[in-house]
Amino acid sequence: MTRAQPPRPGYTTALVRGLRKRCPRCGEGDIFRGWYTMNESCDRCELEYEAGEGDTWAFMYLSTGGITGLFIVVMLLIRPATMQIGQGVVALAALVLIVGTLPRRKGTAIALDYLTRRARRDAGKS
Ligand SMILES: [Zn+2]
């Protein structure tokens with residue numbers, strides 16, 4: 001049985017919901033059931049989170065690359081007293097940030113995927 005569809009969220013609302021690891025369409029269902037274990041769909045509105053396999057990979061690669069690039073710039077700007085310690089601190093900080101933001105980046109990627117699919121569907125209707 002299909003449930004009633006929630007009202008369509010705006011772009012910012014959907015993205016904020018994804019960032020908060022919530023369903024981008026209804027804002028109520030959890031995207032994850034563990035730290036990084038995803039639910040296949042929203043338990044409230046039945047939105048399929050990853051309708052196409054690999055639809056969120058580009059955003060995940062680009063955001064990981066962006067964070068890595070940021071830390072490369074930091075490594076070029078910081079002049080630590082001991083280079084090995086400086087590199088170790090920057091590498092550890094980068095690893096913590098890349099891994100620590102995984103669920104929120106994935107939630108944002110799912111929101112972007114939802115908005116893209118919705119826009120494609122809308123374009124097909126007109
Ligand atoms: Zn939902």
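A residue counts as partly exposed when its relative accessible area falls between the buried class, under 20%, and the exposed class, over 50%. In this predicted model, E46 has a relative accessible area of 36% and is therefore partly exposed. E46 is placed in the loop between α1 and α2. Its backbone is marked by a phi near 70°, a positive value in a residue other than glycine. K21 also has a positive phi, near 65°, and is likewise not glycine. K21 lies in the loop between α1, residues 11–19, and α2, residues 57–77. With a relative accessible area of 28%, K21 is partly exposed.

The zinc ion has four protein donors, the SG atoms of C23, C26, C42 and C45, lying 2.3 Å from the metal. Along the sequence, these donor residues follow the spacing C-x2-C-x15-C-x2-C. The angles subtended by the four donor atoms range from 103 to 119°, so the arrangement is tetrahedral. For reference, the ideal angle for four tetrahedral donors is 109.5 degrees. C23 is buried. C26 is buried as well, with a relative accessible area of 12%, and C42 is buried at 2%. The number of disulfides in the model is zero.

Two aromatic pairs are present in the structure. In the stacked pair, F32 and Y36 have a centre-to-centre separation of 5.6 Å and an angle of 25° between the planes. The rings of W35 and Y36 form a tilted pair, because their planes stand at 45°, with the centres 6.1 Å apart. Through these ring pairs F32, W35 and Y36 are linked into a cluster.

Six salt bridges are counted in the model. One of them joins the side chains of D30 and R22, with an N to O distance of 3.3 Å. Both partners are partly exposed, D30 at 37% relative accessibility and R22 with a relative accessible area of 28%. Another salt bridge joins R44 and E28 at 3.1 Å, N to O. R44 and E28 both lie in the loop between α1 and α2, so this pair ties together parts that are 16 residues apart in sequence. R44 is partly exposed at 44% relative accessibility, and E28 is partly exposed at 44%.

A salt bridge is also formed by the side chains of R117 and D113, at 3.3 Å from N to O. These residues are four apart in helix α4, residues 102–125, and are therefore separated by about one helical turn. R117 is buried, with a relative accessible area of 18%, and D113 is buried at 8%. Salt bridges with shared partners join E28, D43 and R44 into one network.

Methods: Residues are numbered from 1 along each chain as its sequence is written. This is a predicted model: local features need pLDDT of at least 70, side-chain atom pairs count only at pLDDT 80 or more; totals for chains, interfaces and linings use all residues. Side-chain values use heavy atoms; hydrogens and water are left out. Donors are N, O and S atoms within 2.8 Å of the metal (3.2 Å for Na, K and Ca); water is not among the atoms, so sites may look incomplete. Four donors count as tetrahedral if all angles lie between 85 and 135 degrees; four count as square planar and six as octahedral if opposite donors are over 155 degrees apart and all others between 65 and 115; anything else is irregular. Buried means under 20% relative accessible area, exposed over 50%, partly exposed in between (1.4 Å probe, protein chains only). Rings of Phe, Tyr and Trp (its six-membered ring) pair if their centres lie within 6.5 Å; planes under 30 degrees apart count as stacked, over 60 as edge-to-face and the rest as tilted. A disulfide is a pair of cysteine sulfur atoms within 2.5 Å. Helices (H or I, at least four residues) and strands (E, at least two) are DSSP runs, numbered from the N terminus. A salt bridge is a side-chain nitrogen of Lys or Arg within 4 Å of a carboxyl oxygen of Asp or Glu.
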